[in-house]
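Reader: Could you walk me through reading helix packing in a model?

Author: Gladly; let's look at it together.

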Amino acid sequence: MKNESPNQPENNDPLDALLREPDPYIPDNGFTTRVLTSLPVRQKHSWRRFVVLSAAMLIGAVLVVWQLPAAIAMFSTLPRQWSAFQWQTLIAFVPLLAALVSLGWVAFAVTNEEE
Amino acid sequence: MSFTDADLIARVLLREDHNAFGELVRRYQSPVRGFLMKMTNGDAHSADDLAQEAFVKVWKKLGSFRSEGKFSTWLFGIAHNEWRMSVRGRKEVAIEEVADQLPEAEQPDDAAASRLRLDLAEAMKTLTPAERAAIVLCCQNGLSHEEASQAMECPLGTVKTNVLRGKEKLRRCLAV
């Protein structure tokens, strides 16, 4: 009968016999120890991650809600005040920016949680 | 008492047991390093670095291992992927086209001389990386064609073709 599966050894095939000779065992020589010392900490307590991310999202959302009316008001008057631009105006946006960044970070972290 | 792979994996996942993971590494370090040694054309240093990266990746991704498959198949898949990532930067895959022609390029007189000096390890270097991986996984590590296709992330037919073509080249090189 013809051999249907090519990865089965063929009878009396010297090449198959040669290929199927077991490779010499490679001694460990500290390899396992090197692997174990290079292991990162596994993310075991994913609920902690969830709590931290949720807290960050909550804070971010509160900051956005808190700062949004002021930011809208500032944006609406910005063209008229452009000539009188001051750095304080920019600083007023920092909390809003921080809130948006935290929201973005949370979204990124949640989508990459499996990685 | 000897634990099965599944026992050790369960211990790693449930208790983050380094000893259990160490046992898995000890169990498979020789075949994985041997496989990568062949894929890197005998570069033991690179092979060990890749094997270490592969085992670290196993540690990170062990939760995604599906127990219906063999652990060794999954492990060889990760090792193969590590090797593939490493050559992607160095463009060694371009060697495929050159290596593909080596056996045919030999003259009959040269072939006689080659028979004397080429042992199996040298002959393996004349294979394309895909042929080499298929031969090493299927013929030397006992994976089925289906398992090798999973490990190499390529179609089953491609693995079978690579095994057949690889063996044919080896036969020509070794004159067996």
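What follows is a short talk about helix packing and a chain contact.

Author: A word on the source: this is a predicted model, in which local features need pLDDT of at least 70, side-chain atom pairs count only at pLDDT 80 or more, and totals for chains, interfaces and linings use all residues. Residues are numbered from 1 along each chain as its sequence is written, while chains are lettered from A and ligands numbered from 1 in the order in which they are written.

Reader: How are two packed helices described?

Author: By the angle between their axes and the distance between the axes. Here, helix 2 (residues 18-39) and helix 3 (residues 44-61) of chain B pack at about 140°, with axes 9 Å apart. Helices are DSSP runs (H or I, at least four residues), numbered from the N terminus. Axes are lines fitted to C-alpha atoms over the stretch in contact, and angles run from 0 to 180 degrees between N-to-C directions.

Reader: Which word describes how helix 2 and helix 3 of chain B lie to each other?

Author: They are therefore oblique (under 35 degrees is roughly parallel, over 145 roughly antiparallel, 65 to 115 roughly perpendicular, the rest oblique).

Reader: Which residues of helix 2 of chain B meet helix 3 of chain B?

Author: Among them are Phe21(B), Val25(B) and Leu36(B), and the helix 3 partners include Ala47(B), Phe55(B) and Trp59(B). Contact means C-beta atoms, placed from the backbone, within 7 Å.

Reader: How many residues does each chain give to the contact of chain B with chain A?

Author: Chain B gives 30 and chain A gives 21. On the chain B side, the largest share, eight residues, comes from helix 2.

Note on methods
Helices (H or I, at least four residues) and strands (E, at least two) are DSSP runs, numbered from the N terminus. Two residues are in contact if their C-beta atoms, placed from the backbone, lie within 7 Å.
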